[in-house]
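Q: I'd like to learn how to read a structure feature by feature. Could we walk through one together?

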Amino acid sequence: MKITTKLQILMTVAAEVPVIVIIFMDQAVAAGAGVAALVGLLGPFMTARWLVTKDLGAIRALCKLVKEGKYRVHTALPNEAADNGEENEFVSVMRDMNWMAREIMLREGQLNEAINELDGAQQELIEQKQALEVANKRLNEMAMTDPLTGLSNRRHFFDHLEQEICRANRNEQPLSLFILDIDYFKQVNDTYGHQAGDVVLKAIAYILRNRLRRSDMVARIGGEEFAVLLSDTNLSQTLELAEQIRHCIKEYVFQSCDGKSINITCSIGAFSGDRPDYTKAELLYKYADKALYVAKNSGRDKVAYFDCAQQGQDNDELFAQLGPRGVTH
């Protein structure tokens, strides 16, 4: 029942008590006085508990459970049904709070499901991103790699050359380049077939990789033409390495697809730039290519180089004077 109804009952009882006491005053004066004293002492406490304290304690307990996230634990309601709007106000509050607790539990479940779905979607996106990164990396590698030999291709080589030139000029370090061309490679294809030619190209790529440092770069820049870029390397070191590679290729046992031995030699043109004037992409490659032309015209199976000591002369005259002094065996 409502609190106002309870108060009306208390007021009625309080009004009837003096009448009852008067009727029975002659028989039980002492007993009436004792009861009145007991009621005076316990009345306020019992009244407060009956009207407010007990129900407020139940509401507070429910609030504490909700605060702790224990939405499944509901406050038990007294056996008191609503009767024409006469339901106790505290009971109504507890009923509403129970409903809110159930709604919170329902929404929390829905939220957890949404979070799980988002986590699944996020994981799927992460996996897709990783797959895309792998695919992009693979595509970049394919764009920079010669598919037959696995070496860098021409485009990647010249991109790297520009970067190395900037670094060499900034640090004032020498930068060397040599170009290697397989002698009479067309005859290999014509005599033993293109598959044998592919075997030769792969073998030369293997030789170059195993002769170079990790900081160096080797690329296949043409059909049978390879370029090697050597950082922090002067001319004498470049010629020594080029001669080792030339000798190694000459002594290597190449075989055709049917097991026949193939004799292979190569010609190499080298150039080393140790000053900014020479350390330019067009000059490095041009001078090395011109030196390669001299090596091939000098009988092949040779290493030729451009000599910067003749720097006071015109470039065309320098190339014309390479001759025996610019060719090493």
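Q: Let's start with one side chain: does Gln 163 count as buried or exposed?
A: Keep in mind that this is a predicted model. Exposed means over 50% relative accessible area. Gln 163 comes out at 52%, so this residue counts as exposed. Gln 163 lies in helix α4.

Q: How far apart are Gln 163 and Ala 281, in sequence and in space?
A: They are 118 residues apart in sequence, yet their C-alpha atoms are 9.8 Å apart in space. For the protein chain as a whole, take the contacts between residues at least 6 apart in sequence: 68% of them join residues at least 24 apart.

Q: What does the overall inventory of the protein chain look like, in helices and strands?
A: There are nine helices and eight strands. The protein chain has 329 residues, and 33% of them count as buried.

Q: How do I check the length of a helix such as α7?
A: Compare the end-to-end distance with what 1.5 Å a residue would give. Helix α7, residues 235-251, has 17 residues and should span 24 Å; its end C-alpha atoms are 24 Å apart, so the two agree. Helix α8, residues 281-297, also has 17 residues and reaches 24 Å, close to the expected 24 Å.

Q: And which residues of α8 are buried?
A: Here's the general idea first: an α-helix has 3.6 residues a turn, so residues three or four places apart point the same way. In α8 the buried set includes Ala 281, Leu 284, Ala 288, Ala 291 and Ala 295.

Q: How do I describe two packed helices, and what is the case for α5 and α6?
A: Two packed helices are described by the angle between their axes and the distance between the axes. Helix α5 (residues 185-192) and α6 pack at about 135°, with axes 6 Å apart. The pair is therefore oblique. On the α5 side, the contact is made by Phe 185, Val 188, Asn 189 and Tyr 192; α6 contributes His 194, Ala 196, Gly 197, Val 200 and Leu 201.

Q: What should I look for in phi, say at Glu 172?
A: Most residues other than glycine have a negative phi. Glu 172 is not a glycine, but has a positive phi of about 55°. You'll find Glu 172 in the loop between α4 (154-171) and β1 (175-182), and at 70% relative accessibility this residue is exposed.

Q: What is phi for Asp 232, and where does that residue sit?
A: Phi of Asp 232 is near 50°, again positive in a residue other than glycine. The loop between β3 (225-231) and α7 holds Asp 232, which is partly exposed at 37% relative accessible area. There's a glycine case as well: just after α8, Gly 299 has a positive phi of about 115°.

Q: Is Asp 216 buried or exposed, and what does its side chain contact?
A: Asp 216 is buried, at 11% relative accessible area. Its place is the loop between α6 (194-211) and β2 (217-220). A polar contact of 2.7 Å joins the side chains of Asp 216 and Arg 213. Leaving out residues up to four places away in sequence, Asp 216 touches Leu 229, Leu 230 and Ser 231.

Q: Which residues does UniProt list as a "coiled-coil region"?
A: The unreviewed UniProt entry gives residues 104-142. In this model that span is 100% helix and 0% strand, with its end C-alpha atoms 56 Å apart.

Notes. Residues numbered from 1 in each chain as written. Predicted model: local features only at pLDDT ≥ 70, side-chain atom pairs only at ≥ 80, totals over all residues. Heavy atoms only, no water. Helix = DSSP H or I, 4+ residues; strand = E, 2+ residues; numbered from the N terminus. Expected span 1.5 Å × (residues − 1). Buried < 20%, exposed > 50% of the residue type's maximum accessible area, 1.4 Å probe, protein only. Polar contact = N/O pair within 3.5 Å; in protein donor to acceptor, adjacent residues only side chain to side chain. Contact = heavy atoms within 4.5 Å. UniProt positions renumbered as here; feature names shortened; annotations may be inferred. Axes fitted to C-alpha atoms, helices over the stretch in contact; angles between N-to-C directions. Parallel < 35°, antiparallel > 145°, perpendicular 65-115°, else oblique.
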